[in-house]
Amino acid sequence: MNKTLMALGAALLCASAAHAQSTVQITGLVDLYAGSLKFAGDANKTNVLGSGGLTTSWIGFQGTEDLGGGLKAGFNLGAFMRADTGTMGRFNNDPFFSRDANVSLMGGFGTVAIGRGKAPNFLPTILSNPLGDSFTFSPLVLHGNVPLLPSTNNATGWGVGAKAVGRTTPSDTGWSNQITYTTPSFGGLKANLHYQFGEQTGANDSKKNIGLNAIYMAGPLTLTGFYERDQIMNPAAPNVPLTNTRKDWMLGGAYDFTVAKAFLSYGQSDEDNTNAKAKTAQVGASVPLGGGKVLASYAQTKLQPVNQSRKTLTVGYDYNLSKRTDAYVMVMNDRITSYESGNSVGLGIRHRF
């Protein structure tokens with residue numbers, strides 16, 4: 001009897017130790033808003049109850065295991081969703097785990113992750129503007145990742161003719177089939193190196209995406225930037241090569257003066273074998289007021305050689321109902337050379353779990 005109890009106790013201790021060394025979390029965010037949307041070039045406004053006013057709704061699973069000797073293994077699975085309809089993905093044919101799908105090893109050397117994860121442009125973009133990763137109201141995100149006219153949602157370029165109104169970042173905010181190395185933090189400075197396999201054959205067998213970003217955070221100061229050389233599209237068709245190689249870079253930062261936080265960024269995109277170039281500048285501010293913040297951001301993108309520009313201004317208020325829940329109202333004006341301007345407004349609520 002005593003031997004049986006001792007064996008049972010040892011088994012329970014081992015199970016407890018294993019449990020202490022491994023953690024798994026379910027996390028995510030739901031963001032819903034009601035409003036009226038009209039972007040520059042739209043013929044009419046659209047009244048919507050939409051998902052992702054300030055942040056794209058998502059659900060994820062992540063975990064780590066202590067392997068001993070300062071080494072840990074981890075995994076990250078994240079799926080975007082349209083909470084207004086209960087549909088998975090940001091759009092039709094978006095991969096199920098298009099936010100994250102990777103496994104990693106972490107230690108004193110940094111972190112190596114394999115699978116789908118963030119593109120080099122994502123973190124610098126959201127850190128350099130007060131509206132973060134809003135694909136609905138952030139001027140900087142809209143100019144980089146959403147075509148300038150809704151009728152060109154499938155356009156991959158922005159140079160001349162029909163493609164003069166495309167997005168400036170051609171390969172999405174996440175990359176599939178990639179290896180990412182994240183350095184340890186050096187006095188607040190951390191960098192990420194990205195390599196995406198093109199998985200092509202024949203004439204396109206050498207095509208791939210490469211990039212890097214760096215983030216420095218110390219006290220009230222944030223400095224960041226990224227560089228990408230893009231030859232492959234993402235994410236719905238990750239193995240489709242771009243017609244021409246695109247190079248994109250941006251420098252940005254923010255400084256918290258306590259009474260207000262200021263944001264600034266500047267970047268360029270150009271396309272090989274053409275004289276097409278896009279230059280984007282953005283300035284913004286976040287001002288504490290009451291139980292929330294006033295948010296304002298203005299971005300301008302100049303397109304060459306078509307001598308066309310897009311100018312977008314968003315002003316809003318984000319009120320904290322709790323540590324995990326906030327309510328917001330946003331107003332946006334969007335203009336493109338030679339097209340009718342558009343005005344949008346949205347009132348929403350966002351909950352993290």
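Threonine 280 touches Leu140, Thr168, Ser265, Tyr266, Gly267, Gln300 and Thr301, leaving aside residues up to four places away in sequence; contact here means heavy atoms within 4.5 Å. This is a predicted model, in which local features need pLDDT of at least 70, side-chain atom pairs count only at pLDDT 80 or more, and totals for chains, interfaces and linings use all residues. Residues are numbered from 1 along each chain as its sequence is written, and side-chain values use heavy atoms, with hydrogens and water left out.

Threonine 280 sits in strand β14 (residues 277-289). Strands (E, at least two residues) and helices (H or I, at least four) are DSSP runs, numbered from the N terminus. Threonine 280 counts as buried because its relative accessibility is 10%, where buried means under 20% relative accessible area, exposed over 50% and partly exposed in between (1.4 Å probe, protein chains only). Its side chain makes a polar contact with the side chain of threonine 301 (2.8 Å).

The structure holds 2 cavities of 30 Å³ or more. On a 1 Å grid over the protein atoms alone, a cavity is a set of points where a 1.4 Å probe fits but cannot get out, and a pocket is an open set with protein on both sides within 12 Å along at least five of seven lines; lining residues have an atom within 4 Å of a point. Grid points are joined across faces, edges and corners, and a volume is the space filled by probe spheres set on the points.

| Space | Volume |
|---|---|
| Second largest pocket | about 880 Å³ |
| Largest cavity | about 190 Å³ |
| Second largest cavity | about 30 Å³ |

The largest cavity is lined by 18 residues, and Gly144, Thr168, Thr169, Phe226 and Met250 lie nearest its centre. Helix α3 (139-145) and strands β12 (241-256) and β13 each supply at least two residues of this lining, with the largest share, 5 residues, coming from β13. By class, the lining of the largest cavity divides into 5 nonpolar, 12 polar and 1 charged. Ala, Val, Leu, Ile, Met, Phe, Trp, Tyr, Cys and Pro count as nonpolar, Asp, Glu, Lys and Arg as charged, and the others, Gly among them, as polar.

The second largest cavity is lined by Asn121, Phe122, Thr125, Ile126, Asp133, Phe135, Val141, Asn145 and Thr173. Elements α2 and α3 give two or more residues to this lining; the largest share, 3 residues, is from α2.

The lining of the second largest pocket has 13 nonpolar, 11 polar and 13 charged residues.

Terms used:
A polar contact is a pair of N or O atoms within 3.5 Å; within protein, one must be able to donate a hydrogen and the other to accept it, and residues adjacent in sequence count only if both atoms are side-chain atoms.
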